[in-house]
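Visitor: I would like to go through the strand pairing here, with the reason behind each term.

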Amino acid sequence: MSNSKERVVIRYSDGTEAQVGDTVLIDEKQRGVVREVVDTAEKMQTWALDEFGLMFDGVFYPERFLHEYPVELVSRVVA
């Protein structure tokens with residue numbers, strides 16, 4: 001990625017864009033809250049990661065797993 005500010009759009013299985021604070025169901029088994037959407041090179045560097053993905057309570061879930069182990073949006077807080 002040429003610019004650390006460029007971002008990728010990370011989506012749940014229904015196509016909804018992932019956002020911090022979302023309550024989700026991971027692989028139809030586990031609930032979690034999205035703490036960080038790692039969607040830029042800058043965020044990957046901050047977290048010492050080499051790929052995009054979602055952070056749930058300190059556990060990183062790579063974007064490539066979203067195809068095999070779906071993450072579904074359960075609820076979203078609207079401000």
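Guide: Two strands count as paired if DSSP finds at least two bridges between them. The model is a predicted one.

Visitor: How do you know that strand 1 and strand 2 pair?

Guide: Strand 1 and strand 2 (residues 30-38) are joined by 4 bridges in the antiparallel sense. The cut-off is at least two bridges, so the two strands pair.

Visitor: What makes strand 1 and strand 5 a pair?

Guide: Strand 1 (residues 23-26) and strand 5 run antiparallel and are joined by 4 bridges. With at least two required, they therefore pair. In strand 5, Leu 73 is the bridge partner of Val 24, and Val 71 is the bridge partner of Ile 26.

Visitor: What lies between strand 1 and strand 2?

Guide: The two form a hairpin with 3 residues between them. In the turn, Asp 27 has a positive phi of about 50°.

Visitor: Why are strand 4 and strand 5 called edge strands?

Guide: The open sheet has 5 strands in the order 4-3-2-1-5, with antiparallel pairing. Strand 4 (59-62) and strand 5 (71-75) each pair on one side only.

Visitor: How many degrees does the twist average from one strand to the next?

Guide: The average is 45°.

Terms used:
Residues numbered from 1 in each chain as written. Predicted model: local features only at pLDDT ≥ 70, side-chain atom pairs only at ≥ 80, totals over all residues. Heavy atoms only, no water. Axes fitted to C-alpha atoms, helices over the stretch in contact; angles between N-to-C directions.
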